[in-house]
Amino acid sequence: MAKHSKKKQSFFEGQVFKRTLKIVLIIIVTASLLLNLFTFIMPVVKYYGNSMTPTLEDGQILIVNKMAKITSGDIIAFYNDDDILVIHRIIEVNKDNTYITKGDHNNAADEGYVKKENIEGKVMLKIPYLAYPTIMFKR
């Protein structure tokens with residue numbers, strides 16, 4: 001009778017390794033897609049202040065959509081002339097595709113016009129309380 005000899009598999013040929021490799025690849029691809037989504041299409045911003053009270057509250061995290069169509073009444077994130085990120089509502093769209101904005105809590109519209117290239121995106125989702133820990137360090 002001939003004895004059957006089993007060749008010992010290396011770790012890299014085994015089922016455990018193959019499953020682990022698949023899981024790691026899925027995690028890497030998912031993380032990469034989410035990173036790209038939240039960097040280039042839907043960035044996350046923190047809201048500080050009271051100019052948009054009661055619509056927005058100090059310490060909220062906002063997800064903005066860079067690809068959304070923007071119209072009068074939308075809340076947008078934009079960079080002002082001092083390169084500060086501002087979150088305000090569009091109250092008027094001008095014929096030259098510039099925007100007049102105003103904070104919901106403010107009495108008057110913002111000075112100047114917002115150009116399309118200064119807009120970070122339209123606010124799509126607000127998540128309360130998540131920015132509170134960063135507010136403590138900012139003040």
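This is a predicted model. I start with the pairing of strand S1, residues 44-47, and strand S2: they run antiparallel and share 4 bridges.

Now the wider arrangement. The sheet is open and has 6 strands in the order S1-S2-S6-S3-S4-S5, with antiparallel pairing. S1 and strand S5, residues 99-102, are the edge strands, each pairing on one side only. From one strand to the next, the twist averages 50°.

Back to S2, residues 60-65. How many of its residues are buried? The count is 6 of 6, so to speak of it plainly, S2 is mostly covered under the cut-off of under 20% relative accessible area.

In a regular strand, side chains alternate between the two faces of the sheet. For S2, one side carries Gln-60, Leu-62 and Val-64, and the other carries Ile-61, Ile-63 and Asn-65; both faces are covered, and all of these residues are buried.

Take one of them, Ile-63, which sits in S2. Why does Ile-63 count as buried? Because its relative accessible area is 11%, and buried means under 20%. Ile-63 and Met-42 are 21 residues apart in sequence, while their C-alpha atoms are 6.1 Å apart in space.

Conventions. Residues numbered from 1 in each chain as written. Predicted model: local features only at pLDDT ≥ 70, side-chain atom pairs only at ≥ 80, totals over all residues. Heavy atoms only, no water. Buried < 20%, exposed > 50% of the residue type's maximum accessible area, 1.4 Å probe, protein only. Helix = DSSP H or I, 4+ residues; strand = E, 2+ residues; numbered from the N terminus. Pairing = 2+ DSSP bridges. Axes fitted to C-alpha atoms, helices over the stretch in contact; angles between N-to-C directions.
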